[in-house]
Amino acid sequence: MSPRCLAIGALALLLAGCVSGDWSRTRAHARVRPATLEELEPGASLERCLAVLGAPNDVWETPADGVALAWWWVDARGWGVTASVPLNDYGSASATWRDDDSPGRGVVLFFDAGLVLTRRELGGLVRAGDHGRRRPDALEEAGGAADPGRGGDDATDGSGTNEGRPDGRGGGGEGGGGGS
Amino acid sequence: MKHVLPVALALVLAVAPGCLFARERANRPIDEAAVGKLAAGDSAARVVELLGAPTDVVQLGRRSAYRYDFTQKKRTGLWLILVGFLNDDTRQDRVWVFLDVDERVSHVGTTFQGDEPEFAMPWSDVE
């Protein structure tokens, strides 16, 4: 073994107690491919959408008896470095630096009262709790129309377009990040 | 050549304490055959009879939907003196049963991927 290798090994062992790095990756659920989504044009039935995409991760009601279904997935990579230095017998100081990328992306399909697809959105995820998704209102009478003011219907980046932000960090809206 | 085995053994023993394999499960795997018995028009009672209590019930105006899910996560870790590698892979079985205003099954959506998470490293390709 060369002296250089021995030096590197010794340095690694010396630093092991106070410096460490990590590389992590988190994957969850299956990605919806754009080509698959292209099969679902507005006007498609709920049955057709379920057949193509499977069971959604999340379902919620939208105004006027509409329904929104969300499929989301995560493939996030991150790495970080932590340095720790003992200060005295009772404490130490440490600092961590991390770089994590996008939390994930999702697809939301919006259906009208007849369960016909009216709109689809693809974008970055946001946590449902960040935007205060409301519980459904109580129904006042059978057959009564839903209150158009209840609930929200945006779930990705709220832009009304089919594409989310290029960096995958979704903005406003609700629901796409609803977890299970 | 005669040193290969001891060196390999020493390497394995040196690295093994830094390895992590973990599996987390939530709920029971969904019985695909039972889901297959559901048909449009079945009552909510029939749904519960076949699949048990749902994990969630969502009100959709005058309709509703029952959610059933099973989640499995596999976590793999490796720590090598100065650097650590950690990978999480999570997959689900999910079934949504949509009920109409008369509480009859109108649609069923299924995804069965709960047995697909893999023990992998961050650089691995996992579909």
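**Aromatic rings in a predicted model**

A:Arg119 sits over the face of A:Phe110, 4.2 Å from the ring centre; such a charge needs NZ of Lys or CZ of Arg within 6 Å of the ring centre and within 35 degrees of the ring normal. The model is predicted, so local features need pLDDT of at least 70 and side-chain atom pairs pLDDT 80 or more, while totals for chains, interfaces and linings use all residues. Residues are numbered from 1 along each chain, chains are lettered from A, and side-chain values use heavy atoms, without hydrogens and water.

User: How many aromatic pairs does the structure hold over all chains?

Analyst: Rings of Phe, Tyr and Trp (its six-membered ring) pair if their centres lie within 6.5 Å. Over all chains, the number of aromatic pairs is 6.

User: Are the rings of A:Trp23 and B:Phe85 stacked or edge-to-face?

Analyst: Planes under 30 degrees apart count as stacked, over 60 as edge-to-face and the rest as tilted. Here the centres are 6.2 Å apart and the planes stand at 70°, so the pair is edge-to-face.

User: Is B:Phe85 buried or exposed?

Analyst: Buried means under 20% relative accessible area, exposed over 50%, and partly exposed in between (1.4 Å probe, protein chains only). B:Phe85 has 14% relative accessibility, so this residue is buried.

User: Which residue of chain B forms an edge-to-face pair with B:Phe85?

Analyst: The two ring centres of this pair are 5.1 Å apart, with 85° between the planes. The partner is B:Trp123.
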